[in-house]
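Hi everyone, thanks for coming along. Let me put the structure up, and then I'll walk you through the parts I'd like you to look at.

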Amino acid sequence: MKIRVLGSAAGGGFPQWNCNCRNCAGVRNGTIRATARTQSSIAVSGADAGESVLVNASPDILAQLKASPSLQPARGARDTPLKSIVLVDGQIDHTTGLLMLREATKPWPIWCTDSVHGDLTGPHPVFEVLSHYCGVERHAIPLDGASFSVDGAVGVSWRAVALESKAAPFSPHREAPVVGDNIGLFLRDETSQRSAFYAPGLGAVSDTVWEHLRLADCVLVDGTFWSDDEMVRLGLSRKHARDMGHLPQSGPGGMIQWLDRLPSATRKILIHINNSNPILDEDSSERAQLREHGIELAHDGMEIVL
Ligand code: MLT
Ligand code: MN
Ligand code: ZN
């Protein structure tokens, strides 16, 4: 199984179009050592390396495909190696790219939970809009721990883990969560028996989440914020990390402490990194702390083979 990180930033990307924070200004004008990143998405391929599954469709999908030769058309007048799409939530950064994929020549097989399906046919009716273009062939993601397989990732078994995080602001579930608003994905290659756990939006480490973090050879987890009040302190927003369903990295009960408890062989990678996060500055003390803890940062174009 190969996982290609298409976009490693959180909603807004890095730099964000209207953000003049130290990081965004610094990467724009070259005064900090940092790499620009697009919004949250990965592609997964299995035994047939010529096809892939897109996990989350970011507003940056077209630039991400342009930057990925293996995901470009090669076999016909209209063609794509992307066979299916899987969504971990209904948030803007994970779903608006679907509109950019409307020229598909057949209905997109799209896997999502019932809760996300409700949001994408109700308050954010992307599926309705797509029905006037290529159409959608919707598949329900099981939430009972059953494994499923997805066209485009041969020999990979998929399992959804319900997460405590947040539905999108437009969702009727934003302040009244239902199971399936946000999921993590446990992916296992049936040949190599190696696995990954992908959870770009993770608000709390439940027993089930912990079990999957421990089982995985590689974890790709919520790297949105360093501290709970990061955006408030920088004057960027009134929202705290925890209000948005993201577990911050630092402090008691933070992501670093959880990752420290994993076996030393586990590869630990932060993904979905917000532009306000000091870890984006390669010379920051926060980035040095991650290095000391053996924690990596995902970057666009990163490939993980398991
Ligand atoms: C999130 O992960 O909290 C959202 O994607 C934020 C956003 O929509 O910008
Ligand atoms: Mn997001
Ligand atoms: Zn910024």
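Before the sheets, a word on terms: two strands pair if DSSP finds at least two bridges between them, and helices (H or I, at least four residues) and strands (E, at least two) are DSSP runs numbered from the N terminus. This is a predicted model, where local features need pLDDT of at least 70 and side-chain atom pairs count only at pLDDT 80 or more, while totals for chains, interfaces and linings use all residues. Residues are numbered from 1 along each chain as its sequence is written, chains are lettered from A and ligands numbered from 1 in the order in which they are written, and side-chain values use heavy atoms, with hydrogens and water left out.

Let's take one sheet, then. Seven strands, in the order β7-β8-β9-β10-β11-β12-β13, form an open sheet with mixed pairing. At its edges sit β7 (147-148) and β13 (295-297), each pairing on one side only. Inside, β10 (residues 195-199) and β11 (residues 218-222) run parallel and are joined by 4 bridges. Tyr198 has Leu220 in β11 as its bridge partner.

What lies across β8, β9, β10 and β11? That is helix α7 (residues 207-215), running at about 150° to β8. Contact here means heavy atoms within 4.5 Å; axes are lines fitted to C-alpha atoms, for helices over the stretch in contact, and angles run from 0 to 180 degrees between N-to-C directions. While we're here, look at the loop between β9 and β10, where you'll find Gln193. Gln193 is not a glycine, yet its phi is positive, at about 65°.

Now for the other sheet. This open sheet of 7 strands goes β6-β5-β4-β3-β2-β1-β14, and its pairing is mixed too. Its edge strands are β6 (136-140) and β14 (303-305), each pairing on one side only. On average, neighbouring strands are turned by 25° against each other, direction ignored. Strands β2 (residues 41-45) and β3 (residues 52-55) run antiparallel, with 3 bridges between them, and Val44 stands opposite Val53 in β3.

The peptide bond from Phe14 to Pro15 is cis, with omega near 0°.

Finally, the ligand. Which residues are around ligand 1? They are Gly11, Gln91, Asp93, Met244, His246 and His272, where near means a heavy atom within 4 Å. Oxygen atoms of ligand 1 come to 2.9 Å from a side-chain N or O atom of Asp93, 2.7 Å from one of His246 and 3.2 Å from one of His272. The protein covers 76% of the 270 Å² of accessible area that ligand 1 has on its own, by the Shrake-Rupley method with a 1.4 Å probe.

How values were computed:
A polar contact is a pair of N or O atoms within 3.5 Å; within protein, one must be able to donate a hydrogen and the other to accept it, and residues adjacent in sequence count only if both atoms are side-chain atoms.
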